[in-house]
Amino acid sequence: MFGGIQEELAALGDLRGKVSGRLRINAAENPAYYLIYPKVRSFLTQFSEVDVEILISNSWSDIVAQGFDFGVRPLGDVAQDMVAVPISGERAMCVVVAPDYLTRHGQPETPSELAQHRCIVPAFNAFNRLDDWEFFQNGQIHRVRVLASLTFNSTALVKTAALDGLGLTWLPHYAVADELASGALVELFSHECAVYPPMALYYPPNRHKTQAAEALIEWLKIEKVV
């Protein structure tokens, strides 16, 4: 009932010709921080009467049952009955490490040698962690199971631990681009990085889209992502 009231209020705003109302987005931490927030920040300067709520969840969520207008997940993971709008290009993963770690422990020469190093493992939740790191070798995906010296379900903590020289980690390139550019982190095996489908904004096709929702969809489309 509350969701219906919210939609009716938003529809009234549309009748007044105003781009206004509340938009609720469910996203995992990486896309929320690196893909959604930078565009929402500029979106709100243009549409100041829109309220945006971004709730981070690294686990799968039923956006309809939980009252979200949009979800954000990899394009290949979006259900077929949803409308999906790409909001990024293909996503390259990379193994990164602080120079100090390499000075103290040496540099692995091949991805397989990662199993002998201290690794910082990102986790979605208590039951699902990314300890099988994938590489593209000789036209095929090659997986390396690493031993987790540290595990976090927060990219911010994973990256902080890597910057502190506590181990190597495996993250999307866009999440560590600034640190690679500054030299705070270095990338290993760049010629063998795995590349995954774009991230997508998705929503149910039968839900009424307000002017605010339409405006946000256009703002987040891939051509607007830096």
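Visitor: Which strand gives the most residues to the lining of the largest cavity?
Guide: S5 does, with three residues. Before we go on, this is a predicted model, so to speak: local features need pLDDT of at least 70, side-chain atom pairs count only at pLDDT 80 or more, and totals for chains, interfaces and linings use all residues. Residues are numbered from 1 along each chain as its sequence is written, and side-chain values use heavy atoms, with hydrogens and water left out.

Visitor: What counts as a cavity here?
Guide: On a 1 Å grid over the protein atoms alone, it's a set of points where a 1.4 Å probe fits but cannot get out, and lining residues have an atom within 4 Å of a point. Points are joined across faces, edges and corners, and the volume is the space filled by probe spheres set on them.

Visitor: And how many of 30 Å³ or more are there?
Guide: One cavity. The largest cavity has a volume of about 40 Å³. Strand S5 (91–97), S8 and S12 are the elements that give two or more residues to its lining. Strands here are DSSP runs of E, at least two residues, numbered from the N terminus.

Visitor: What's the lining like by class?
Guide: Nine nonpolar, no polar and two charged residues. Among the lining residues are Cys 94, Glu 134, Glu 187, Phe 189 and Cys 193. For the classes, Ala, Val, Leu, Ile, Met, Phe, Trp, Tyr, Cys and Pro count as nonpolar, Asp, Glu, Lys and Arg as charged, and the others, Gly among them, as polar.

Visitor: Switching to cysteines, how many disulfides are there?
Guide: Zero, with a disulfide being a pair of cysteine sulfur atoms within 2.5 Å.

Visitor: Is Cys 119 buried or exposed?
Guide: Buried, at a relative accessible area of 0%. Buried means under 20%, exposed over 50%, and partly exposed in between, with a 1.4 Å probe and protein chains only. Cys 94 is buried too, at 2%.

Visitor: Now the backbone. What's the phi of Asn 138?
Guide: Near 55°, a positive value in a residue other than glycine. Most residues other than glycine have a negative phi. Asn 138 is in the loop between strand S8 (132–137) and strand S9 (140–145), and it's exposed at 82%.

Visitor: And Phe 189, buried or exposed?
Guide: Buried, at 9%. Phe 189 has a positive phi as well, about 60°.

How values were computed:
Helix = DSSP H or I, 4+ residues; strand = E, 2+ residues; numbered from the N terminus. 1 Å grid on protein atoms, 1.4 Å probe; cavity = no way out; pocket = protein on both sides within 12 Å on 5 of 7 lines; lining within 4 Å.
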